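Have the sequence and the fold open side by side as you read.

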Amino acid sequence: MEDELKEVYVNHDGKDFFEVKEAVSSLDISAYVNHFSLSLHEGYRTEINTRVRDWLEDIHRVLSKGFLLTIDYGYTAREYFSDDRSSGTLLCYHKHMLNEDPYQNIGRQDITAHINFSFLKRWGEDLGMRTSGYCAQGTYLVSSGIDEAITELYSESPDYLAEVSKIKGLIMPQGMGESHSVMVQYKGEGLPELRGFTMRNQVQSL
């Protein structure tokens, strides 16, 4: 955000990559910002993923009835565009080390950004896919009975404690239990109640 919303383009001078800020290339980007009446202060920088809609359309096309389960890093729109994230959510991973520079380790690092679950919900609903629930991964797994699954699968295993330790990383708040969120969308008649959201369902926060 400068005097008006700008899009960051990537150019190359034969030696290095560099950024150029120009006019927004698509009305979809402006509509994305305007939908939530976002007020982004000067210097605010964020990511906008409009291709999620294409992905949802592909799923909707081949799914006659069923559930779409999405688990990933992400936020509600309010959290995503808060002042605390004025530099966006873009992160890079190279040899298990984290950095925020996509212009180093070219071709040798993963580049990722968080999901805006509010827009995933909105675009899904535009296609007729209703949102059954949304909550933290740890809450979802505990509600779904992960403790029962652990007992059934590993209670007789000599590696029981080791297996339990691994699974704890999926549910503990200081690990993936809180950093990842779960959203379930449904296509079909009615709206089935799912066990995974009996402890907490934060769909209204979206």
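A residue counts as buried under 20% relative accessible area, exposed over 50%, and partly exposed in between (1.4 Å probe, protein chains only). This is a predicted model, where local features need pLDDT of at least 70, side-chain atom pairs count only at pLDDT 80 or more, and totals for chains, interfaces and linings use all residues. Residues are numbered from 1 along each chain as its sequence is written, and side-chain values use heavy atoms, with hydrogens and water left out. Helices (H or I, at least four residues) and strands (E, at least two) are DSSP runs, numbered from the N terminus.

**Helix H7**
- Glu-163, Val-164 and Ile-167 are the buried residues to look for in H7.
- Seen down the axis of H7, its buried residues fall within an arc of 95° (taken from the directions from the helix axis to the C-beta atoms), so they line one face of the helix.
- Those buried residues pack against helix H6 (146–154), while Leu-161 and Lys-166 are exposed on the other side of H7.

**Strand S9**
- All eight of the eight residues of S9 (residues 180–187) are buried, so the strand is largely enclosed by the rest of the structure.
- His-180, Val-182, Val-184 and Tyr-186 point one way, and Ser-181, Met-183, Gln-185 and Lys-187 point the other way.

**Partners of S9**
- Two strands pair if DSSP finds at least two bridges between them.
- S3 (residues 66–75) runs antiparallel to S9, joined by eight bridges, with Ile-71 partnering Val-182.
- S8 (residues 130–136) also pairs with S9 in the antiparallel sense, over six bridges, and here Gly-133 partners Val-184.

Key. Contact = heavy atoms within 4.5 Å.
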